[in-house]
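Please read this report beside the displayed model. It takes up selected local features in turn.

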Amino acid sequence: MSSLSSIPNNSDYLLSLAENYEEGYNTEQNPEAAFQLYLQAAQAGNVEAQYRLALCFDDGFGTEADNTQAMNWYLSAAVEGHLEAMNNLACCYETHPQVADPVRAIYWYTKAAEAGHARAQYNLAICYDQGEIVEENKALAILWYRRAAEQNLPEAQNNLAYCYKHADGVAQDIEQAVFWYRKAAAQGHPYAQIGLGKCYYHGTGVMLDYDEAARWFMQAAHQGDATACRLLAECYELGRGVPCSPFEADRWRYLARMSEKEE
């Protein structure tokens with residue numbers, strides 16, 4: 001790599017070069033060089049570089065991890081309208097004990113959510129759903145789950161489905177529950193795959209179909225979900241949707257125990 005001091009001080013160019021060193025694109029991966037280039041671009045006022053630099057400090061990529069520096073650069077990018085930075089800054093205020101500030105967390109989640117950031121919409125929904133850092137408000141939780149779900153975020157789709165199935169903050173609507181479980185399950189979300197599988201297993205909102213139930217349990221089980229492994233074991237024990245096999249039933253129960261030990 002040529003000396004950093006000889007590189008043109010164009011922030012977009014610096015950002016592009018930093019990304020190449022971070023990803024190892026057309027060059028060897030070099031975290032330290034990527035960090036230095038992000039720093040130069042960030043100091044030159046490049047908002048995306050400020051966000052990437054914050055990530056470096058957050059993750060300890062190319063430099064020592066430093067929560068304070070990460071938050072400072074997230075803030076620099078956030079005030080310039082960078083939505084990912086707003087969401088990450090809110091996460092810091094919510095989860096870092098040294099800087100915990102529920103009011104600021106909700107403020108930045110809301111700013112990003114109102115601007116259409118799906119992950120911030122989901123995080124804001126969680127806050128209103130759980131009522132830990134803000135007063136519980138199920139109506140707002142449903143609103144933001146829906147906004148994020150409509151942007152195809154599987155976690156939000158799964159939670160919205162759960163709310164519809166269990167009448168949690170919204171009138172029970174099994175068809176809507178199945179609809180959103182299916183959306184999330186198709187994207188590989190294991191909890192949604194289990195939720196959809198249970199609907200088929202019990203004939204809730206759909207025709208009872210053990211084959212479909214076992215298929216969805218299987219997909220979640222292959223992701224290591226202990227609950228799915230146990231449900232699949234039951235299918236093998238009873239021969240529902242899969243051939244009856246005590247051996248397979250025992251194998252999946254064993255895998256469930258192993259999965260629980262790893263959690």
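Where is Asn-152 found, in terms of the helices and the loop between them? In this predicted model, Asn-152 is found in the loop that runs between helix H8 (138-150) and helix H9 (154-166). Most residues other than glycine have a negative phi. Asn-152, although it is not a glycine, has a positive phi of about 75 degrees, and Ala-167, likewise not a glycine, has a positive phi of about 50 degrees. Ala-167 is placed in the loop between H9 and helix H10 (174-186). The table sets out the backbone angle and the accessibility of these residues.

| Residue | Phi | Relative accessible area | Class |
|---|---|---|---|
| Asn-152 | about 75 degrees | 42% | partly exposed |
| Ala-167 | about 50 degrees | 41% | partly exposed |

A further loop residue is His-96, whose place is between helix H5 (83-95) and helix H6 (102-114). With a relative accessible area of 16%, His-96 is buried, and, leaving aside residues up to four places away in sequence, His-96 touches Asp-58, Asn-67 and Cys-91. From His-96 to Glu-155 the separation is 59 residues in sequence and 22 Å in space, taken C-alpha to C-alpha.

The next topic is helix packing. Helix H11 (residues 190-202) and helix H12 (residues 210-221) have axes that come within 8 Å and cross at roughly 165 degrees, which makes H11 roughly antiparallel to H12. The crossing in which H11 passes H12 is left-handed. On the H11 side the contact is made by Pro-190, Gln-193, Ile-194, Leu-196, Gly-197, Lys-198, Tyr-200 and Tyr-201, and on the H12 side by Tyr-210, Glu-212, Ala-213, Trp-216, Phe-217, Gln-219 and Ala-220.

Across the whole structure, a search finds 7 aromatic pairs. One of them joins Tyr-51 and Tyr-74, whose ring centres are 6.2 Å apart and whose planes stand at 40 degrees, so the pair is tilted. Because Tyr-51 lies in helix H3 (residues 47-59) and Tyr-74 in helix H4 (residues 67-78), the pair ties together parts that are 23 residues apart in sequence.

Conventions: Residues numbered from 1 in each chain as written. Predicted model: local features only at pLDDT ≥ 70, side-chain atom pairs only at ≥ 80, totals over all residues. Heavy atoms only, no water. Axes fitted to C-alpha atoms, helices over the stretch in contact; angles between N-to-C directions. Helix = DSSP H or I, 4+ residues; strand = E, 2+ residues; numbered from the N terminus. Parallel < 35°, antiparallel > 145°, perpendicular 65-115°, else oblique. Left-handed = near helix turned anticlockwise from the far one by under 90°. Contact = heavy atoms within 4.5 Å. Buried < 20%, exposed > 50% of the residue type's maximum accessible area, 1.4 Å probe, protein only. Phe/Tyr/Trp six-rings, centres within 6.5 Å; stacked < 30°, edge-to-face > 60°.
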